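Hi everyone, thanks for coming.

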Amino acid sequence: MKAAQIKKYKKDISLDIVSVDKPVINDNQVLVKTLTAGVNPVDNMIIRGEVKLVVPYKMPLTLGNELVGEIVELGSNVKNFNIGDRIFSRLPLNSIGAFAEYVAIDVDAIAKVPEYLSDEEAAGVPLTALTAMQAFELLNVKEGKTIFISGGSGSFGAMAIPLAKSLGLKVITSGSGANKERVLLLGADKYIDYKKENYLDIVSDVDYVIDTLGGKSLEDQFSILKKGGSLVSLKGLPNKDFAKRNNMSFFKRLLFGFAGRKYDKIASRNNQKYYFIFVHSDGKQLDEVASIFNEKHIKPSIDEVFSFEDINKALNKVDNGSSKGKTIIKF
Ligand SMILES: NC(=O)c1ccc[n+]([C@@H]2O[C@H](COP(=O)([O-])OP(=O)(O)OC[C@H]3O[C@@H](n4cnc5c(N)ncnc54)[C@H](OP(=O)(O)O)[C@@H]3O)[C@@H](O)[C@H]2O)c1
């Protein structure tokens, strides 16, 4: 079968499409024929070796973190799924590889795709929807409260905004002007065009923040958070709490404790809490997402669909920004 791989971490965004053996499943896995796969900024970060401290990968590595596929083989312990089921998955961190014609996936990482979603629409759901759900869990969100999501015009916002609305939150978000109407249609209550307005002059005392920007912008976002509020960053630095939650080694607890100390200190000034997350696979939580989708008929935003042969064009598109939603690979 064909798979898109790297042999080592590198600066340029280019995968080689190579022939490899079809995977062999264990008793707790399903073999899936890939139909579509979502492309994410994290794919490019993995190519560049930027997440190797969080997840060390062996080479050669087949890239790709999320997919939609059809089950073609079942492990002997697999219940609740059948051959022919259309499933989606954010693949487990230690066994990614969605950019391949077939993938062996732990049954704990899959869920059935809501029927009303096309293969292309569904491929953009798992990673960003699970990120949003895992962030909401850490924030312990409550109906009626207000959340600020920076950079909500991208593929994360396209999932996080409708999911936040379905939980009864008021959503303020920022992004580029061209995306304003689309994002308001997703349900955002207020949209700030970051090239024309400064959200720091407009927003204050929100209950929760999800930061997608990192760096100086992450530091700034603590100032719009009310005293005692919580911030989850997708782009900042991991801290000790992150290492603990993920049962990391003593060395990584020390390392990340040092790395994220700056943000923990800023947060503690106003009795706020800083969290970093790296989205993990969770079939049960993805099933909850599917139920919300079935109830609310949420429509994912798709930016562009590429063929598998054009995988490098798709990765470079994601790297160049100006996202209007999800970039998808079709097999
Ligand atoms: N830690 C995790 O588990 C996790 C999970 C999912 C995503 N992420 C991270 O979250 C980030 C967003 O992901 P994504 O998939 O949504 O990326 P994306 O599709 O590329 O979207 C990013 C959006 O942010 C907008 N933007 C850029 N600069 C901005 C600014 N200063 N203020 C407000 N908006 C700004 C961009 O607008 P323009 O480019 O059009 O100006 C774009 O629409 C990425 O860094 C990704 O790696 C992390």
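Two bits of housekeeping. This is a predicted model, where local features need pLDDT of at least 70 and side-chain atom pairs count only at pLDDT 80 or more, while totals for chains, interfaces and linings use all residues. Numbering starts from 1 along each chain as its sequence is written.

Domain 1 puts 12 residues into the contact and domain 2 puts in 9, with contact meaning C-beta atoms, placed from the backbone, within 7 Å. On the domain 1 side that touches domain 2, you get 1 nonpolar, 7 polar and 4 charged residues. For those classes, Ala, Val, Leu, Ile, Met, Phe, Trp, Tyr, Cys and Pro are nonpolar, Asp, Glu, Lys and Arg are charged, and the others, Gly among them, are polar.

Now the overall picture. The protein has 12 helices and 16 strands; these are DSSP runs, H or I of at least four residues for helices and E of at least two for strands, numbered from the N terminus. Along the principal axes, the C-alpha atoms fill a box of roughly 55 × 45 × 40 Å.

How much of the protein counts as buried? It's 45% of the 331 residues. Buried here is 20 or more other C-beta atoms within 10 Å of a residue's own, exposed is 12 or fewer, and partly exposed is in between, with C-beta atoms placed from the backbone.

On to the core. The largest nonpolar core has 95 residues, and Phe-88, Phe-99, Ile-147, Ala-160 and Ile-161 have the most contacts inside it. Both domain 1 and domain 2 give residues to this core, so it lies between them. By nonpolar core I mean buried Ala, Val, Leu, Ile, Met, Phe, Trp, Tyr and Cys residues joined through C-beta atoms within 7 Å. Take Phe-99: beyond four places in sequence, its partners include Ala-3, Leu-15, Leu-63 and Ile-329.

Next, the ligand. Which residues come nearest? Of the 27 around it, they are Gly-151, Gly-154, Phe-156, Leu-234 and Ser-323; near means a C-beta atom, placed from the backbone, within 6 Å. Elements giving two or more residues to this shell are helix H1 (41-47), helix H3 (126-139), helix H4 (155-166) and strand S10 (170-175). H4 has the largest share, 3 residues. By class, the shell has 9 nonpolar, 17 polar and 1 charged, and each domain supplies at least three residues.

Met-59 and Pro-60 are joined by a cis peptide bond, omega about -5°, and Pro-60 is in the loop between H1 and strand S4 (61-62). Asp-205 has a positive phi, near 55°, without being a glycine, and it is exposed, with 10 other C-beta atoms within 10 Å. Asn-247 also has a positive phi, near 50°, in the loop between helix H8 (240-245) and helix H9 (250-259).

Conventions: Domain bounds come from an automatic or database domain assignment. Two residues are in contact if their C-beta atoms, placed from the backbone, lie within 7 Å.
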